[in-house]
Amino acid sequence: MTDTLLPATPQPLEKENDGYFRKGCNPLAQTGRSKLQNQRAALNQQILKAVRMRTGAENLLKVATNPKVREQARLELSFVNSDLQILKEELEGLNISLGVYQNTEEAFTIPLIPLGLKETKDVDFSVVLKDFILEHYSEDGYLYEDEIADLMDLRQACRTPSRDEAGVELLMTYFIQLGFVESRFFPPTRQMGLLFTWYDSLTGVPVSQQNLLLEKASVLFNTGALYTQIGTRCNRQTQAGLESAIDAFRRAAGVLNYLKETFTHTPSYDMSPAMLSVLVKMMLAQAQESVFEKISLPGIRNEFFMLVKVAQEAAKVGEVYQQLHAAMSQAPVKENIPYSWASLACVKAHHYAALAHYFTAILLIDHQVKPGTDVDHQEKCLSQLYDRMPEGLTPLATLKNGQQRRQLGKSHLRRALTHHEESVREVSLCKKLRSIEVLQRVLSAAQERSRLTYAQHQEDDDLLNLIKAPDVVAKTEQEVEIILPQFSKLTITDFFQKLGPLSVFSANKRWSPPRSIHFTAEEGDLGFTLRGNAPVQVHFLDPYCSAAVAGAREGDYIVSIQLVDCKWLTVSEVMKLLKSFGEDKIEMKVVSLLDSTSSMHNKCATYSVGMQKTYSMICLAIEDDDKTDKTKKISKKLSFLSWGTNKNRQKSASTLCLPSVGVARPQIKKKLPSPFSLLNSDSSLY
């Protein structure tokens, strides 16, 4: 009567033999998910076109005074809004395409909800990074073409990660690499001219920013989304598969929670704090559901204490899904979460609440106190099953009185049937859920089991002895918690480590161009001492020594000696190299750290088509400091930067020329306004 519905015998999955361009990436695999992502990308483009048309119609309606023109604009706006609604429903259909992401085994289990990956556009780093290397680090950008190509290849590979740990590692590797790139090439005082575009995974609306933090946040989101796909792909007919699913959903929740706490003002709905909070709840709810399935997998024995445990576990799952559905029903999440997701959360809340009442009914109806039974233990378990017993009943008296137990058990069955009816009704109201055959089979089987059990024990006078069944206390033996991403476990090599130690050679520090110092060691005495540890600095310089006369200064960093790169050498290694030349003439290149005296704000440009001000226009322009101190005249920052026109070629020539020391730098030309509506924002955007 209480045995679990046993699934079909699991069949081994077919292993994919596709080769990898990069470990963790499989762009040529024509899987259902890759086709789904292609459909999502095509829908994103259609949504972008429709949103632009809607914006144009709205602007025309605002400025037009001719009645006929206004009527035509209203008609056009009506058509565009209708098209947008249809496209949104199609995108929702892709988001709820559970069959594509689920395990391929024929299982009698309720599907889980995965997240789709965010789509992006190509970005060419080559020209910008080459120019910055020449301008800021005074090195030839051509020497770093391979490193730039590796970075772009890594980004391209991250667009099609494999659905396994290798794919997760690939995304996390790129995220860590972006941290190096941000420190090397993105100074806090200016924009680099790179426009990153990512599509909202739920609405399809594109968001563009000249800010690397959008790129980092989107990669993190995709990492969490990939974990959800791994979790739904696990074989939930085995203990190992369920353990893997629980772990994957906990890690997905950890990544999404880290994203929420680290990037607090993302201009994309799917990465807004409210939406991320709901997604974290959804991942933890699915992990808790997998815990219940793991307990039920061996079969539920018709034994008192086992039934108490299973009833409370089911109540726990129903409780977390009820909380999830409540969160999904709140604004602004309600407007953007797929309706089918909220419906499925409601269905599961009622389904597992029904199971909790069903198993409670079975333990009350089928079990009675027998000689040798541990009555005290049963009384304690029954008292902990409820917050409070029904009026006039006590745990011990209920256990000993068969009539009371049966009446209370049938009351639980009536509540179970009520929840079953609600779950079935909720499915019937959602078009997407109606198309999921396995969901309807599971719900119908559970409802029929409760109905038959109630029919077996139904009596004519049941309506005269109504007892209101109390709620079952939610309790679990395995409380699921988030697992934060462990970036420290990955050993990542900075692509641009040739530039020198990141603690010194970074974008937020300004340097003088390298100076060549030609000197000799007189009688083995260099005339200065060294300090520091990679890179080494000149210290205690004798003002009359050969090096000082040649232009060396205390505090200079030694970058090369006789064309030997010294940026990563220690004091002892540099000293050994210098002494190896004896009294021969030595050429040493040094750079000096300049004071950073910039008063520029870190503003970022955001373009988000058709998004509400709640998130798309959160990037507001900050007030200039001139309002508080108009008497100060801040000179414009000089730069070597001169943009080239052919940015689409990866190996295009750098447009910079390294000036000699003392030559005035040309001032930056004023950029033409972007074709998009750009909004300035403070550096605290994230």
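A residue is buried when its relative accessible area is under 20%, exposed when it is over 50%, and partly exposed in between (1.4 Å probe, protein chains only). By that cut-off, both faces of strand β1 (residues 196–199) are covered. Phe-196 and Trp-198 are buried on one side, Thr-197 and Tyr-199 on the other. Helices (H or I, at least four residues) and strands (E, at least two) are DSSP runs, numbered from the N terminus.

β1 pairs with strand β2 (residues 206–209) in the antiparallel sense, over 4 bridges. Two strands pair if DSSP finds at least two bridges between them. Phe-196 stands opposite Gln-209 in β2. The two strands form a hairpin with 6 residues between them. In the turn, Gly-204 has a positive phi of about 80°.

## Model and overall make-up

This is a predicted model: local features need pLDDT of at least 70, side-chain atom pairs count only at pLDDT 80 or more, and totals for chains, interfaces and linings use all residues. Residues are numbered from 1 along each chain as its sequence is written, and side-chain values use heavy atoms, with hydrogens and water left out.

The secondary structure of the chain comes to 18 helices and 11 strands. Of its 686 residues, 52% count as buried. Contact means heavy atoms within 4.5 Å. Among contacts in the chain with a separation of 6 or more, 79% come from residues 24 or more positions apart.

## Helices α9 and α11

Helix α9 (residues 273–296) packs against helix α11 (residues 339–366) at an angle of about 35°. Their axes are 13 Å apart. Axes are lines fitted to C-alpha atoms, for helices over the stretch in contact, and angles run from 0 to 180 degrees between N-to-C directions. The crossing is left-handed: the near helix is turned anticlockwise from the far one by less than a right angle, whereas clockwise would be right-handed.

From α9, the contact uses Leu-279, Met-282, Glu-289, Phe-292 and Glu-293. From α11, it uses Trp-341, Lys-348, Tyr-352, Leu-355 and Phe-359. By class, the contact of α9 with α11 has 7 nonpolar, no polar and 3 charged residues. Ala, Val, Leu, Ile, Met, Phe, Trp, Tyr, Cys and Pro count as nonpolar, Asp, Glu, Lys and Arg as charged, and the others, Gly among them, as polar.

## Aromatic pairs

A pair of aromatic rings is described by the distance of the centres and the angle of the planes. Rings of Phe, Tyr and Trp (its six-membered ring) pair if their centres lie within 6.5 Å; planes under 30 degrees apart count as stacked, over 60 as edge-to-face and the rest as tilted. A search of the whole structure finds 14 aromatic pairs. One of them joins Phe-292 and Tyr-352, with centres 5.5 Å apart and planes at 85°, so the pair is edge-to-face. Phe-292 lies in helix α9 and Tyr-352 in helix α11, 60 residues apart, so the pair links distant parts of the chain. Both Phe-292 and Tyr-352 are buried.

Phe-519 and Phe-528 are also edge-to-face, because their ring centres are 5.8 Å apart and their planes stand at 70°. Phe-519 is buried at 1% relative accessibility. Phe-528 is buried at 6%. Elsewhere, Phe-132, Tyr-137, Tyr-144, Phe-185 and Phe-496 form one aromatic cluster.

## Pairing with strand β9

Strand β4 (residues 515–519) runs antiparallel to strand β9 (residues 586–591), joined by 5 bridges. Ile-517 has Met-588 as its bridge partner in β9.

β7 also pairs with β9 in the antiparallel sense, over 4 bridges. Here the bridge partner of Ser-560 is Lys-589 in β9.

## Backbone geometry to check

A cis peptide bond joins Ala-331 and Pro-332, with omega about 0°. Pro-332 is in the loop between α10 (304–328) and α11. Another cis peptide bond joins Ala-534 and Pro-535, again with omega about 0°. Pro-535 lies in the loop between β5 (529–531) and β6 (537–539).

Ser-138 is not a glycine, yet has a positive phi of about 55°. Ser-138 sits in the loop between α4 (126–136) and α5 (145–157) and is buried, with a relative accessible area of 16%. Leu-563 also has a positive phi, near 70°. Its loop runs between β7 (557–561) and β8 (564–565). At 75% relative accessibility, Leu-563 counts as exposed.
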